[in-house]
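Try each task before you read its solution.

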Amino acid sequence: MNFLWAEKSNWFEQKGWIITLVLAIIMFAVFIVMVVLIALENKREKQKAKKIENDAYFYCFGGIDNIVSLEVKGSRLVVVLKDDSLLNENQLKVLGITSLIRATNKITLIIGEKGKEILEAYNKKL
(Lines give C-alpha, C1' and ligand atoms only; values in the text may rest on other atoms or scores of the structure.)
Protein backbone atom coordinates (compact mmCIF):
# COMPACT_ATOMS: atom_id res chain seq x y z
CA MET A 1 0.00 0.00 0.00
CA ASN A 2 2.71 2.43 0.90
CA PHE A 3 4.36 1.62 -2.38
CA LEU A 4 1.28 2.82 -4.36
CA TRP A 5 1.08 6.01 -2.35
CA ALA A 6 4.77 6.64 -2.98
CA GLU A 7 4.18 6.23 -6.72
CA LYS A 8 1.25 8.66 -6.68
CA SER A 9 3.17 11.12 -4.55
CA ASN A 10 6.12 10.89 -6.90
CA TRP A 11 3.81 11.43 -9.89
CA PHE A 12 2.37 14.60 -8.30
CA GLU A 13 5.86 15.89 -7.59
CA GLN A 14 6.84 15.34 -11.20
CA LYS A 15 3.62 16.57 -12.83
CA GLY A 16 2.59 19.17 -10.24
CA TRP A 17 3.96 22.06 -12.28
CA ILE A 18 1.68 21.08 -15.19
CA ILE A 19 -1.37 21.11 -12.93
CA THR A 20 -0.29 24.45 -11.47
CA LEU A 21 0.26 25.89 -14.95
CA VAL A 22 -3.15 24.70 -16.17
CA LEU A 23 -4.87 26.17 -13.12
CA ALA A 24 -3.01 29.47 -13.58
CA ILE A 25 -4.06 29.65 -17.24
CA ILE A 26 -7.69 28.97 -16.32
CA MET A 27 -7.62 31.65 -13.61
CA PHE A 28 -6.02 34.12 -16.04
CA ALA A 29 -8.68 33.36 -18.68
CA VAL A 30 -11.47 33.90 -16.15
CA PHE A 31 -9.85 37.19 -15.11
CA ILE A 32 -9.63 38.39 -18.74
CA VAL A 33 -13.29 37.46 -19.39
CA MET A 34 -14.36 39.37 -16.29
CA VAL A 35 -12.38 42.48 -17.32
CA VAL A 36 -13.90 42.40 -20.81
CA LEU A 37 -17.44 41.99 -19.43
CA ILE A 38 -16.95 44.90 -17.03
CA ALA A 39 -15.59 47.08 -19.84
CA LEU A 40 -18.57 46.26 -22.06
CA GLU A 41 -21.01 47.06 -19.26
CA ASN A 42 -19.30 50.41 -18.66
CA LYS A 43 -19.50 51.19 -22.38
CA ARG A 44 -23.25 50.38 -22.40
CA GLU A 45 -23.81 52.60 -19.37
CA LYS A 46 -21.99 55.52 -21.02
CA GLN A 47 -24.01 55.12 -24.21
CA LYS A 48 -27.22 55.02 -22.19
CA ALA A 49 -26.20 58.18 -20.32
CA LYS A 50 -25.43 59.97 -23.60
CA LYS A 51 -28.83 58.97 -25.00
CA ILE A 52 -30.59 60.30 -21.89
CA GLU A 53 -28.61 63.55 -22.08
CA ASN A 54 -29.38 63.97 -25.79
CA ASP A 55 -33.07 63.37 -25.09
CA ALA A 56 -32.88 66.08 -22.40
CA TYR A 57 -31.62 68.54 -25.03
CA PHE A 58 -34.49 67.60 -27.36
CA TYR A 59 -36.91 68.17 -24.49
CA CYS A 60 -35.39 71.64 -23.95
CA PHE A 61 -35.96 72.44 -27.61
CA GLY A 62 -39.67 71.67 -27.23
CA GLY A 63 -39.46 68.08 -28.40
CA ILE A 64 -38.05 66.45 -31.51
CA ASP A 65 -41.07 67.56 -33.57
CA ASN A 66 -40.38 71.21 -32.75
CA ILE A 67 -36.92 71.09 -34.38
CA VAL A 68 -36.82 72.25 -37.98
CA SER A 69 -33.05 71.83 -38.37
CA LEU A 70 -29.83 71.30 -36.43
CA GLU A 71 -26.40 72.38 -37.60
CA VAL A 72 -22.99 72.18 -35.94
CA LYS A 73 -20.54 75.01 -36.57
CA GLY A 74 -17.38 74.38 -34.57
CA SER A 75 -18.31 74.59 -30.91
CA ARG A 76 -21.75 76.04 -31.70
CA LEU A 77 -25.02 74.26 -32.27
CA VAL A 78 -27.53 76.17 -34.40
CA VAL A 79 -31.12 75.06 -33.88
CA VAL A 80 -34.08 76.29 -35.90
CA LEU A 81 -37.38 75.72 -34.07
CA LYS A 82 -40.98 75.76 -35.27
CA ASP A 83 -42.16 77.42 -32.07
CA ASP A 84 -39.45 79.21 -30.09
CA SER A 85 -41.79 79.71 -27.12
CA LEU A 86 -41.30 76.01 -26.30
CA LEU A 87 -37.57 76.54 -25.70
CA ASN A 88 -36.59 75.87 -22.07
CA GLU A 89 -33.56 78.12 -21.49
CA ASN A 90 -33.31 77.39 -17.77
CA GLN A 91 -33.04 73.65 -18.34
CA LEU A 92 -30.39 74.25 -21.01
CA LYS A 93 -28.32 76.13 -18.43
CA VAL A 94 -28.70 73.17 -16.07
CA LEU A 95 -27.35 70.94 -18.86
CA GLY A 96 -24.25 73.14 -19.07
CA ILE A 97 -25.00 75.63 -21.85
CA THR A 98 -23.02 78.75 -20.99
CA SER A 99 -24.18 80.97 -23.82
CA LEU A 100 -27.35 81.12 -25.86
CA ILE A 101 -28.16 83.56 -28.69
CA ARG A 102 -31.80 83.89 -29.73
CA ALA A 103 -32.89 85.28 -33.07
CA THR A 104 -36.62 84.54 -33.51
CA ASN A 105 -36.78 80.80 -34.26
CA LYS A 106 -33.01 80.40 -34.71
CA ILE A 107 -31.15 79.53 -31.51
CA THR A 108 -27.35 79.36 -31.32
CA LEU A 109 -25.82 77.49 -28.39
CA ILE A 110 -22.16 77.42 -27.35
CA ILE A 111 -21.99 73.72 -26.61
CA GLY A 112 -18.49 72.42 -27.40
CA GLU A 113 -18.01 68.82 -28.52
CA LYS A 114 -21.53 67.77 -27.47
CA GLY A 115 -22.94 69.39 -30.61
CA LYS A 116 -21.79 66.54 -32.85
CA GLU A 117 -23.32 63.95 -30.53
CA ILE A 118 -26.65 65.80 -30.44
CA LEU A 119 -26.68 66.15 -34.24
CA GLU A 120 -25.97 62.41 -34.67
CA ALA A 121 -28.73 61.52 -32.18
CA TYR A 122 -31.15 63.86 -34.01
CA ASN A 123 -30.34 62.29 -37.38
CA LYS A 124 -30.93 58.80 -35.93
CA LYS A 125 -34.36 59.83 -34.63
CA LEU A 126 -35.50 61.12 -38.02
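**Helix 3 and its two sides**

On the face of helix 3 turned away from its buried side sit the exposed residues E120 and K124. Buried means under 20% relative accessible area, exposed over 50%, and partly exposed in between (1.4 Å probe, protein chains only). Helices (H or I, at least four residues) and strands (E, at least two) are DSSP runs, numbered from the N terminus. This is a predicted model, in which local features need pLDDT of at least 70, side-chain atom pairs count only at pLDDT 80 or more, and totals for chains, interfaces and linings use all residues. Residues are numbered from 1 along each chain as its sequence is written, and side-chain values use heavy atoms, with hydrogens and water left out.

**Exercise 1.** Find the buried residues of helix 3 and work out how they are arranged around its axis.

*Solution.* 
- Start with the list: G115, I118, A121 and Y122 are the buried residues of helix 3.
- Now look down the axis: these buried residues fall within an arc of 130° (taken from the directions from the helix axis to the C-beta atoms), so they line one face of the helix.

**Exercise 2.** Check the span of helix 3 against its number of residues.

*Solution.* 
- The expected span is 1.5 Å times one less than the number of residues.

**Exercise 3.** Locate the salt bridge of E53 and say which parts it ties together.

*Solution.* 
- Apply the rule: a salt bridge is a side-chain nitrogen of Lys or Arg within 4 Å of a carboxyl oxygen of Asp or Glu. By this rule the count comes to 5 salt bridges.
- The partner of E53 is K114, with the closest N and O atoms 3.2 Å apart.
- E53 belongs to helix 1 and K114 to helix 3 (residues 114-125), so the pair ties together parts that are 61 residues apart in sequence.
- E53 is partly exposed at 25% relative accessibility, and K114 is partly exposed at 29%.
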